[in-house]
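The following note sets out points for a colleague who is examining this structure. Please read it alongside the sequence and the coordinates.

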Amino acid sequence: MVQYSQARFDATFAALSDATRRGVLEQLGRADASITDLADKFHMTLTGMKKHVVILEQAGLVTTVKIGRVRTCKLGQRRLEQEAAWIETYRQLWSARFDELDKVVEELKQKEKADGRKKAK
């Protein structure tokens with residue numbers, strides 16, 4: 001199995017665990033925005049939004065640039081390929097398990113149907 005950086009995964013999943021931070025990423029996927037604009041959009045204080053942005057920055061998902069008094073946020077350069085690969089590994093595992101469960105359920109249905117025919121005779 002591929003080894004992943006535990007600290008990186010922890011930071012990424014912690015950042016993505018909050019609905020506001022996921023919303024910020026969606027918003028930045030459409031266009032760069034200032035912290036003020038993001039705070040207004042999410043009905044938050046500047047301080048609250050700044051805390052969310054710092055967590056996203058620590059995970060490498062967002063970068064900020066301060067020009068004058070305005071701090072502009074944009075999506076970071078880091079992609080989520082490793083995280084997606086990790087999730088895909090477990091998706092495949094569970095998919096295979098559910099496929100096997102479907103087979104067992106179908107076999108039980110067939111057996112039940114056959115037993116019902118035997119009793120009717």
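**Notes on the predicted model**

1. Val65 is found in strand S2 (residues 62-67); helices (H or I, at least four residues) and strands (E, at least two) are DSSP runs, numbered from the N terminus. With a relative accessible area of 41%, Val65 is partly exposed. Here buried means under 20% relative accessible area, exposed over 50%, and partly exposed in between (1.4 Å probe, protein chains only).

2. This is a predicted model, in which local features need pLDDT of at least 70, side-chain atom pairs count only at pLDDT 80 or more, and totals for chains, interfaces and linings use all residues. Residues are numbered from 1 along each chain as its sequence is written, and side-chain values use heavy atoms, with hydrogens and water left out.

3. Not counting residues up to four places away in sequence, Val65 touches Val70, Arg71 and Thr72, where contact means heavy atoms within 4.5 Å. Val65 and Gly116 are 51 residues apart in sequence, and their C-alpha atoms are 72 Å apart in space.

4. Ser34 lies in strand S1 (residues 33-34) and counts as buried, at 11% relative accessibility. Leaving aside neighbours within four places in sequence, Ser34 is in contact with Val70, Arg71 and Thr72.

5. Which residues have the most contacts inside the largest nonpolar core? They are Leu28, Leu38, Met49, Val53, Leu56, Val62 and Cys73, in a core of 15 residues. Helix H2 (19-30), helix H3 (35-41) and helix H4 (46-58) each supply at least two residues of this core. Such a core is a set of buried Ala, Val, Leu, Ile, Met, Phe, Trp, Tyr and Cys residues joined through side-chain atoms within 4.5 Å. Beyond four places in sequence, Leu28 touches Ala33, Leu38, Val62, Cys73, Lys74 and Leu75.

6. In helix H1 (residues 6-16), Phe9, Thr12 and Ala15 are buried. They are on the same side of H1 because they cover an arc of only 135 degrees around the axis, taken from the directions from the helix axis to the C-beta atoms. Gln6 and Ala7, on the other side of H1, are exposed.

7. Leu108 is found in helix H5 (residues 81-120) and counts as exposed, at 53% relative accessibility. Together with Tyr90, Leu93, Trp94, Phe98, Leu101, Val104 and Val105, Leu108 makes a nonpolar surface patch of about 740 Å². Patches are made of residues with over 30% relative accessible area and no salt bridge, with nonpolar side chains (Val, Leu, Ile, Met, Phe, Trp, Tyr) joined within 5 Å and like charges within 9 Å. A salt bridge is a side-chain nitrogen of Lys or Arg within 4 Å of a carboxyl oxygen of Asp or Glu; accessible areas come from the Shrake-Rupley method with a 1.4 Å probe, and for residues only the protein chains shown count as cover.
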